[in-house]
Amino acid sequence: MLKFFAAGPEVPVDTGSDIDGRFRHYRMRIIAAITLAYAISYMCRLAINIVKKPLIDQGIFTPLELGMIGSALFYTYAAGKLVNGFVADHSNVKRLFAAGLVLSALCNIAMGFSTVFWVTVMIWGLNGWFQSYGAPSCVVALASWFSNRERGRYYGIWSTAHSIGEGLTFALVTALVAAGGWHWGFWGPGIATLIAAVAAFYAMVDRPRTLGLPTVADWRNDHYAAPAEGAPERGVFATQLSILAIPAVWVLALASAANYVTRYAINSWGILYLQEARGFSLGEAGVMLTASTLAGVAGALAFGFISDKFFGARRPPANLLFGVVEIIGLLIFFYGPEGHGWVLLGAVLFGLGMTGLVTSLGGLFAIDICPKRVAGAALGMVGVFSYLGAAVQEQVSGALIDANMHVTGSTRIYDFEPVIWFWIGCSIVATLLATTLWNTKLRD
């Protein structure tokens with residue numbers, strides 16, 4: 001089993017082959033596979049957010065219990081992202097990625113049958129672990145096949161998968177739940193992800209050196225600095241451990257944790273907020289958050305392009321710009337005038353700014369400031385903090401919403417004010433921390 005997942009051995013460069021043509025062919029297959037398959041698999045972690053209201057209304061789970069179920073995924077995902085980030089640096093990532101998709105899909109199909117609290121916690125927690133195979137595999141593929149000064153653009157393309165997956169969840173899964181009940185909120189994403197796993201397995205390949213190609217940095221002649229003559233080469237594991245000595249990695253991890261609080265707050269509780277506080281129907285709430293995710297696609301692409309082209313592949317100036325846009329969007333979303341137009345404007349600005357920051361803080365910036373051979377470990381280091389933040393959010397938000405919910409007869413009355421300021425405060429902290437990394441050194 002371990003041998004099946006292990007990366008292939010490096011082989012001598014085949015100078016007689018069409019190196020340029022092979023690189024172009026594989027790169028296009030890889031970017032398409034990791035973007036589309038990861039987007040589809042994203043529904044398998046967000047499905048529970050669509051079914052919260054029917055689960056509450058049918059008396060299956062309380063908001064507090066749903067917060068605990070949701071946090072189970074984030075805790076296991078956080079641990080898994082760290083562990084599997086280190087594992088991905090040693091793995092054939094096409095196999096690791098496809099396996100994670102299959103196992104996550106099976107967990108979602110099982111969720112459609114579960115109404116027992118602790119069984120549901122266990123299944124959703126397992127889903128988080130299997131979901132954590134995905135991002136490290138994709139980031140290792142990006143670091144292996146795309147060079148320093150172009151990586152921002154291609155990372156931005158891959159990051160659109162987050163928003164595409166969210167959009168599919170809010171549009172398609174909402175429609176499935178409305179038509180077939182809450183069970184289909186899990187079964188639909190599970191079936192789609194099984195299909196995506198097969199497609200990704202056949203589209204992706206191992207690292208360039210295992211295929212007789214040079215490293216992408218050598219092929220593109222794109223190094224941040226020339227290697228020092230006579231410098232000893234570290235092994236992969238020693239290089240992985242070396243990232244713990246980079247102070248900027250720890251600051252970045254904390255910034256990402258705060259950022260993920262707000263990111264998953266809107267994903268997890270936005271539908272419920274719009275229904276209960278703004279009086280939207282399930283369909284209307286789904287449309288608003290779908291618009292936010294479409295703006296997120298533009299945000300991910302724009303962040304990569306702006307940081308590469310206008311700031312010379314420096315991320316901090318773009319972090320500040322997108323962080324301010326996100327905070328303005330949140331203020332309009334929660335405190336703008338009544339009316340669908342204002343809520344839509346807030347949702348769009350939030351999606352644009354948030355996804356730009358997720359692109360940077362959630363992985364791209366970590367790859368920039370750490371050695372590329374250990375991109376998986378760099379992502380795992382930041383990822384464990386990111387999803388601990390998301391997990392804490394889920395529990396704190398669930399508790400705050402439950403504590404400020406009052407039942408009058410058969411009517412539930414929600415006071416979202418305390419939890420809203422928890423969310424906005426975390427966005428402000430994330431932006432400030434990210435801005436402190438203004439002069440951080442980049443590494444090959």
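Which residues does Leu272 touch, not counting residues up to four places away in sequence? In this predicted model, Leu272 touches Ala277, Tyr414 and Phe416, where contact means heavy atoms within 4.5 Å. The model is a prediction in which local features need pLDDT of at least 70 and side-chain atom pairs count only at pLDDT 80 or more, whereas totals for chains, interfaces and linings use all residues. Residues are numbered from 1 along each chain as its sequence is written, and side-chain values use heavy atoms, with hydrogens and water left out.

The overall architecture is described before the individual contacts. The chain has 17 helices and 2 strands; helices (H or I, at least four residues) and strands (E, at least two) are DSSP runs, numbered from the N terminus. Along the principal axes, the C-alpha trace spans about 75 × 45 × 35 Å. For 444 residues, a compact globule would have a radius of gyration near 22 Å, and the 21 Å of the chain agrees with this; the radius is taken over C-alpha atoms, and the globule rule is 2.2 Å times the number of residues to the power 0.38. Of the 444 residues, 59% count as buried. Buried means under 20% relative accessible area, exposed over 50%, and partly exposed in between, with a 1.4 Å probe and protein chains only. Among contacts in the chain with a separation of 6 or more, 85% are accounted for by residues 24 or more positions apart.

Leu272 lies in helix 12 (residues 247-276). With a relative accessible area of 4%, Leu272 is buried. Leaving aside neighbours within four places in sequence, Phe117 is in contact with Phe61, Glu65, Met68 and Ile69. The C-alpha atoms of Phe117 and Gly336, 219 residues apart along the chain, are separated by 37 Å. Thr411 belongs to strand 2 (residues 411-414) and is partly exposed, with a relative accessible area of 43%. Between the C-alpha atoms of Thr411 and Phe61, 350 residues apart along the chain, the separation is 16 Å.

Two packed helices are described by the angle between their axes and the distance between the axes. Axes are lines fitted to C-alpha atoms, for helices over the stretch in contact, and angles run from 0 to 180 degrees between N-to-C directions. The axes of helix 14 (residues 316-335) and helix 17 (residues 417-435) come within 8 Å and cross at roughly 170°. Helix 14 and helix 17 are therefore roughly antiparallel to each other; angles under 35 degrees count as roughly parallel, over 145 as roughly antiparallel, 65 to 115 as roughly perpendicular and the rest as oblique. Their crossing is left-handed, a term used if the near helix is turned anticlockwise from the far one by less than a right angle, with right-handed used if clockwise. Residues that meet across this pair include Leu320, Gly323 and Ile327 in helix 14 and Trp421, Ile424 and Ile428 in helix 17. The contact divides into 13 nonpolar, 5 polar and 2 charged residues; Ala, Val, Leu, Ile, Met, Phe, Trp, Tyr, Cys and Pro count as nonpolar, Asp, Glu, Lys and Arg as charged, and the others, Gly among them, as polar.

Helix 8 (residues 148-180) and helix 15 (residues 340-369) pack at about 135°, with axes 10 Å apart. Helix 8 and helix 15 are therefore oblique to each other, and the crossing is right-handed. The contact is made by Arg151, Gly152, Tyr155, Gly156, Ser159 and Ser163 of helix 8 and by Thr355, Thr359, Gly362, Gly363, Leu364, Ile367 and Asp368 of helix 15. By class, these residues comprise 3 nonpolar, 8 polar and 2 charged.

The axes of helix 4 (residues 63-88) and helix 7 (residues 134-145) come within 8 Å and cross at roughly 35°, and this crossing is right-handed. Tyr77, Lys81, Asn84, Gly85 and Ala88 in helix 4 meet Ala135, Pro136, Ser137 and Val140 in helix 7. The contact has 5 nonpolar, 3 polar and 1 charged residues. Asn84 counts as buried at 5% relative accessibility. Beyond residues up to four places away in sequence, Asn84 touches Trp129, Ser132, Tyr133 and Pro136.
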